[in-house]
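Let us walk through this model step by step. Keep the sequence and the 3D view side by side.

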Amino acid sequence: MTRDQKTNRQKSKKGKKILIFAAALLVVIAAVTVFAVANIPKDVTILDGTTSLKVTTNEKDPKKIIEANGFTLGDYDVLDDSQFAKENAVLIIKREMSIVFSEGGKDGWKVTLPARTVQDVLQYLGKELAEGDVVEPAAYEIIKDGDRVTLYKAGNGTIAVDGKKIAIKTSNKTVKQLLAANNIKLGKEDIVKPGLKTVLADGETIVITRVTYKEETVKEKVAFKTQTKKDSSLANGSKKTVREGKAGVAEVTYRVRYENGKAVKKEAVSKTVIKAAVDKVVAIGTKTKAAASSSDSGLGFSYTKKYEGIASAYYEPPGSMTASGMTVGVGRIGVNPKVIPYGTKLYVTGYGYCVAADCGWGTTGMGRIADLYMNSEEECEAWGIRNVTMYVLAE
């Protein structure tokens, strides 16, 4: 071996020693680094119900961390450390509790489980929220023992109101909730079908009938009544109209019920008579054949009674009313109705056949027994006052 070969061999051995030393040094440095990193304090947030506590710790065991900070786990409580390895480490304590879970407006059922939020309940029950689904309280809300969680599955429906049809997402909510969600206000008397507490099924329609009331005043006829009175001058059972009836006029105020703008019912709340009705008067005969007596007047008719006395004359414009309700006219004379009832057929000498229609003078003794209607004041003056015989005609 030459001198140069020896020298190169020595250099090679020396280089290997240096490399081995360097590698060993790197291993030591890495170990120190790992040890140092592993012991760097870490921020951890502990969540327990509504309690949130942030701590800094070197501890690597999640359970020891919560215990060191005063949190204990019950037999059925669960510590969720799925986010412990993240940069913003979180430890979630899910406490055992009993809640009521329901879908839509159904009664629901009791569930005992470890949970902190509504989302924990959904995950425990294997319920996933699809688009349009709604859960109450919201999925992120913190719950406690005894709370109720309701899931509303999405669906389609319609609201028929004010002449429009509004497409809605039902989410299996109640009618009341859907109306509120669509900003539809109800009047006090409005009718809603189905009812407000009904959970709307997919494809159903909510029908709202707007109900309003309005007072309306109108004029109406007032029907006249018919009065009857006994008349001994008429044959028994016979009838005779003494006075025709006349309808009156009244102002009536109605409370009218409208449904979607259409009047469906009304009831009277007040009534004021403007013009009173005039009752119809009908005489009912009571005279019997046995009681009837008649005499021959010699003038071509029979009579049951006669009066002698003075007869005067009077005139009233055509259309004027007599006391019996008849209009004035020739042949309708005035008598004492207490003696001769209205409607009695008569014959007055010098005047002719007539009927008792108005209230006139008395029929006693030789006094004035009748007022005879004339067509003019001139005829009245021509008549003056005369002695007459007045016959009550036999039927």
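Y391 has 9% relative accessibility, so Y391 counts as buried (under 20% relative accessible area; exposed is over 50%, partly exposed in between; 1.4 Å probe, protein chains only). This is a predicted model: local features need pLDDT of at least 70, side-chain atom pairs count only at pLDDT 80 or more, and totals for chains, interfaces and linings use all residues. Residues are numbered from 1 along each chain as its sequence is written, and side-chain values use heavy atoms, leaving out hydrogens and water.

F301 and Y391 are 90 residues apart in the chain. F301 is buried too. Y347 and Y391 make a tilted pair, with 6.5 Å between centres and 45° between planes.

Now look at two charges. The charged end of K42 sits over the ring of F84, 4.4 Å from its centre. K266 does likewise over Y254, at 4.3 Å. The rule asks for NZ of Lys or CZ of Arg within 6 Å of the ring centre and within 35 degrees of the ring normal.

Finally, confidence. The protein averages a pLDDT of 87 (the predictor's confidence in each residue, from 0 to 100). Over residues 31–37, pLDDT stays under 50. Where pLDDT is low, the predicted coordinates should not be read in detail.

Notes. Contact = heavy atoms within 4.5 Å. Helix = DSSP H or I, 4+ residues; strand = E, 2+ residues; numbered from the N terminus. Phe/Tyr/Trp six-rings, centres within 6.5 Å; stacked < 30°, edge-to-face > 60°.
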